Amino acid sequence: MALSFVGNVVITVIVLGVISGTSATFTFKTKDNIDNHEDDQSKQFPRPEPEAASSYEVGVGIADMTGPCVEITFMGYAELGQSGEGIHLRQFSRAFIFSKGNTRVVLVTAEVQAVGIAVRRQVVKNLQERYGDMYSLRNVIITGTHTHSTPGGYLVDFILDVSILGFSKETFNAYVDGITRSIVRAHENMVPARLVFAQTKVKNAHKNRSPYSYNNNPAEERARYETNTDDLLTQVRIEKGDGSLHGVMNWFSVHTTSMNMTNKLVSSDNLGYAALRMEKELNPSNLPGKPDIVAGFFSSSLGDVSPNTRGARCEFSNEECDHQFLLCAAQERCFSKGPGEDMFESTRIIGTKVFEGAMEALRSPGVELQGDLAVVHQFVEMSQEVVPKYDPIKKTFNTNEPVRGCFPALGYSFASGTIDGANTLNITQGTLQGNPLLDIVGGIVARPTADDVECHAPKPILLATGRANFPIPWHPHIISLSLIWLGDLAIVGVPGEPTTMSGRRMKAMVGDVMQRRGFKPRVVISGLTNEYIHYVTTFEEYQVQRYEAASTIYGPNTLDIMLNKFSEFTVAAIEKGDVPPGREPADNRARTLSLIMPVIADNPPVRRKFGDVIAQPPAVVPRGTTVTATFVGANPRNDLKQEESHAVVQRLELGRWIDVANDADWDTRFYWKRLSTIAGTSEVRFSWRVPESAQSAPHRVEYRGAARSLFGRITHFTAQTDSFSIQ
């Protein structure tokens, strides 16, 4: 239906900003066992005597969680035209289960933009059907890598799904199934293990995309750190009793947005590439996604860092821009690029540097983690919190200065996006004054109260999302905070995107609590944990109101509330205590709306059948070149092929065709193209860049499709090209 002018403006404002992100780029310099939190706390600290033997049991598991790779809008850039057209890299869920005594905790890294309570709730329900009350919302901790190139529509909060055209049951079920499967696999291979902690610095890997905001932090605080980005890679490796490797967990502060908003292939981006590279290194004979040794990569303090190290330029004039002081001409977009010549090369460069840093840490002696295992979790209603303000210089809480949280709201600069996306309307960042017309437009969604305006100041409220509840709440009011105590490492679970200094304050505060109780301050920030709440800035960064601050939805004291909570959590973990569970948020899945069209039917063109080869590969293919085959296709949404592949490259070996590359491989790309919506016709194209290591034996491409009839029946089929030789 036609929308009114006002309606179009409202939707445009909403969609412009839903989520933006940033990556990173990296070279590395190793410093074995960097145990500080990037400050000068390098001295030795006393701690309790280590136990005679480690009694951890650890399970690792990986599962394919790839969602519908076509016709569903990607989650991240809020770009309505960015719906899937195939696969660059598959999505995987990697699960790690730790058990000691009566305590068990699950930690998952899932290759999605973020997770939410809805997905986590269903995963826990699935686990409880298998294992009873062993797993719960308290001890199942799920994180997202924050890739912006995967299908959305699964977070349930309205504003997070609106740019995907609502709730996607296909996406939701795919993610729940994959995450559940990875945890089940980890549960089934629990073994006695020791945990080894290591860190290394990954230099020149990213840049701060909001240095103006960062520089508004106290000079004395900034002087504690060498750079305005967090360049530490933190690692926990899991070794079996015989010393062999069982799994690896890595944390690094990188936005997974090397693949930009023009990309339409499902991709796990730079962290996904790093994981595949590391698993290939540790499992050289295994296909992608099928490793015995699992390598998980987690995001950390990623809020204000970008992988696009060549900086932001106007797309036509090539002038420098920043969405605030340096603006492009009307209808000329400002966005960042690099370090590669295109987004695929940039993804490889960034991913390679993270991988190299992880391997450097893996080769270091490390320090064994020993001691207790604990998980502390609480549901927190942010607008009801009143806490002492944190002093970042004295590193103390001031009980004489209480601060509070706010109802969720987004500021004007939210609509500007970041330099890693493209702002077609050139809305400026750093906006501190409202606009009467946009205030009216935003008021159609929901009108902020006088208290909202006061609470969020100096942020001018564009969308009072905390007051909007149609058709379902637009933003969460209750969030999930967690802390895992793993030996003597504190893993701080932040449900959004903390900026560099926000992460540093969390590490400093938790580290100080640990130090006062005789532990070395080993702390890692795990971003995008359990929920998506946009950004977490410092109070000082909030005053500047760039994109990150405008997207800090609970107001200027969001970080102070978290600091108070994580201080409490750390004490509870050390003293073997707990905290009140808090009020669990409502389940709104039954109230979701969707405008996503289903697959109606597939049909081959006249005088064709499904799988017919339209374009054969050449008879001879040189190494280092790309071979392509095209088939009469069917919609990949009919069968997501989790744990399988839509297409593969096969090699003839001893009279049998064996798979040598699948659609999760870096060197392959799977494309689907609709030819006619009315006729239901489509075609599939599969390309493979032949590696230098390819054998000279005959090869072929096999397409594995699934076609839907008008009455909903799914028919599977396979088709192969002619064979070709490698030279």
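Residues are numbered from 1 along each chain as its sequence is written. In this predicted model, local features need pLDDT of at least 70 and side-chain atom pairs count only at pLDDT 80 or more, while totals for chains, interfaces and linings use all residues; side-chain values use heavy atoms, without hydrogens and water.

**Helix α7**

Helices are DSSP runs of H or I with at least four residues, and strands are runs of E with at least two, numbered from the N terminus. Because eleven of its 14 residues are buried, α7 is largely enclosed by the rest of the structure. Buried means under 20% relative accessible area with a 1.4 Å probe, protein chains only. Among the buried residues are D269, Y273 and L282. They pack against strands β2, β5, β10, β11 and β12 and helix α8, with contact meaning heavy atoms within 4.5 Å.

**Cavities**

A cavity is a set of points on a 1 Å grid over the protein atoms alone where a 1.4 Å probe fits but cannot get out; lining residues have an atom within 4 Å of a point. The count comes to seven cavities of 30 Å³ or more.

| Cavity | Volume | Lining residues include |
|---|---|---|
| Largest | about 60 Å³ | V156, F158, D161 and L593 |

Strand β25 (523-526) gives the most to the lining of the second largest cavity, with three residues.

Technical notes
Buried means under 20% relative accessible area, exposed over 50%, partly exposed in between (1.4 Å probe, protein chains only). On a 1 Å grid over the protein atoms alone, a cavity is a set of points where a 1.4 Å probe fits but cannot get out, and a pocket is an open set with protein on both sides within 12 Å along at least five of seven lines; lining residues have an atom within 4 Å of a point. Grid points are joined across faces, edges and corners, and a volume is the space filled by probe spheres set on the points.
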